[in-house]
Amino acid sequence: MMEERMYSVEEVAERLGLHVRTVRGYIRSGRLKAVRIGKQYRIAPADLEALTGRPSAAGLARMEVSSIVQVEGIDRTAADRLGTLVLAGTNTGGDPARPLRVQTVHDPERNRLKIVILGGAAATAEILRLLEAVLGEVTGEEAGGA
């Protein structure tokens, strides 16, 4: 009595956009867990999830971008303002099903701010453009005023 549907190598290859030989190679190397039934392999949905890091019923592959932005020469007040701006930028627009995750860390001894951004490529790119615009303006003002 089987509780869950098992996938064939061909079905896994089609779902992942891979060649059947590639999937078989994953099975032989142990990267993808499978059960051999007769001459064919069967893959449990949980094992497919373990390989992809996403639920097997999710359909298309999803991508996540990890970015770390380091800003030098920034005091605590400016770091707080910049952090607030970035957080406000992440909360406006974007895909509510895939929100950006942002964390800021300020090192007061080195006057350094690190901003960690995790999320979709397009939303991350928007935040990076925002940072570049803001930091470019600040740098331009400082250079012009010196």
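Two strands pair when DSSP finds at least two bridges between them. Helices (H or I, at least four residues) and strands (E, at least two) are DSSP runs, numbered from the N terminus. This is a predicted model, in which local features need pLDDT of at least 70 and side-chain atom pairs count only at pLDDT 80 or more, while totals for chains, interfaces and linings use all residues. Residues are numbered from 1 along each chain as its sequence is written, and side-chain values use heavy atoms, with hydrogens and water left out.

Start with β3, residues 40–43. Strand β1 (residues 7–8) pairs with β3 in the antiparallel sense, over 2 bridges. Here S8 stands opposite R42. Strand β2 (residues 35–37) is also antiparallel to β3, with 3 bridges. I37 faces Q40 across that pairing. The hairpin of β2 and β3 has 2 residues between the strands, and G38 takes a positive phi near 65° there.

In a regular strand, side chains alternate between the two faces of the sheet. On β3, Y41 and I43 make up the covered face, whereas Q40 and R42 form the uncovered one.

Now move to the open sheet of 3 strands. Its order is β4-β6-β5, and the pairing is antiparallel. β4 (65–72) and β5 (101–107) are the edge strands; each has a single partner, so one side of each is left without a neighbour in the sheet. Neighbouring strands are turned by 15° against each other on average, direction ignored. Axes are lines fitted to C-alpha atoms, for helices over the stretch in contact, and angles run from 0 to 180 degrees between N-to-C directions. β5 is joined to β6 (residues 112–119) by 7 bridges. In this pair D107 stands opposite R112.

Helix α4 (residues 76–91) lies across β4, β5 and β6, and runs at about 175° to β5. What does I115 touch? Contact means heavy atoms within 4.5 Å. Beyond its neighbours within four places in sequence, I115 is in contact with S67, I68, V69, L82, V86, V102, Q103, T104 and L131.

A nonpolar core is a set of buried (under 20% relative accessible area; exposed is over 50%, partly exposed in between; 1.4 Å probe, protein chains only) Ala, Val, Leu, Ile, Met, Phe, Trp, Tyr and Cys residues joined through side-chain atoms within 4.5 Å. The largest has 13 residues, and L82, L113, I115, I117 and L131 have the most contacts inside it. β4, α4, β6 and α5 (121–145) each give two or more residues to this core. Apart from it lies another core, of 12 residues, including Y7, V23, L32 and I43.
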